[in-house]
Amino acid sequence: TASKDLDAGDEIFISYGEHWMNERSLTDGTAWKRDVSDLRQFGYCLDNIIPGTSLIEHAGRGAFASRDLEQDSIIAPVPLLSLSRSSLEILKERQDGTVEKATQLLLNYCYGHANSSTLLFPYSNGVNMVNHHSAKANVKLRWREGSEVIPHSLNAKYMLEMVALRDISKGEEIYLDYGSDWEEAWKTHVDNWRPDPVDVKHYAHKMN
């Protein structure tokens, strides 16, 4: 419920408690207000990507250009949250009552090296709906120009940028080349995966 009268356009704030504010050297909500010049220097357009049904069979949802986008333009910012690989490990109870080790599906959306304990989770409008296509890739990832460190951020400390490899037309699906290692791993998974006979009744048969 509103703790005071609000005008249309007012930003909504909720208190996380004094401890949370003190940890971040903040005093009140006014710390979040940005000057227009700050937005011009650090701001990004967040509506270049819209969701839709992917043109790739069985891929589910995909990302599409909401407007014509020029080659080398920034399609979307990609701030990164640092996660420990072990933090995504879980214990899963099967239908027969047995328990086995598993990994959260969030792992599928993280960047990281196979031998690293650190994962980077990208979060921004639409970026996690960009599907893989090695032959039709029309965007790439690069570290944020100037500095990969994000100024004024309380959560993500590093940022990539998704950049157009060529001119992209409005309505065209956005594709990123995930790399040959990912492609080979996915092919191996598709070739070898079989439904668990214990849990077969509980698998989803349609993508999102």
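Modeller: Contact here means heavy atoms within 4.5 Å. Among contacts in the chain between residues at least 6 apart in sequence, 65% join residues at least 24 apart. This is a predicted model, in which local features need pLDDT of at least 70 and side-chain atom pairs count only at pLDDT 80 or more, while totals for chains, interfaces and linings use all residues. Residues are numbered from 1 along each chain as its sequence is written, and side-chain values use heavy atoms, with hydrogens and water left out.

Biologist: In which helix or strand is confidence highest?

Modeller: pLDDT is the predictor's confidence in each residue, from 0 to 100, and its mean over the chain is 83. Helices (H or I, at least four residues) and strands (E, at least two) are DSSP runs, numbered from the N terminus. Confidence is lowest in helix H1 (residues 18–23), at a mean of 71, and the highest value, 97, belongs to strand S10 (residues 175–176).

Biologist: Is Cys 110 buried or exposed?

Modeller: A disulfide is a pair of cysteine sulfur atoms within 2.5 Å, and by this rule the count is zero. Cys 45 has 37% relative accessibility, so Cys 45 counts as partly exposed. Cys 110 has 13%, and therefore Cys 110 counts as buried.

Biologist: Which residues form the one aromatic cluster?

Modeller: Rings of Phe, Tyr and Trp (its six-membered ring) pair if their centres lie within 6.5 Å; planes under 30 degrees apart count as stacked, over 60 as edge-to-face and the rest as tilted. Tyr 178 and Trp 182 are edge-to-face, at 4.7 Å centre to centre and 80 degrees between the planes, whereas Trp 182 and Trp 186 are stacked, at 5.9 Å and 5 degrees. Both tryptophans lie in helix H3 (residues 180–192), four residues apart, about one turn of the helix. The cluster is made of Tyr 178, Trp 182 and Trp 186.

Key. Buried means under 20% relative accessible area, exposed over 50%, partly exposed in between (1.4 Å probe, protein chains only).
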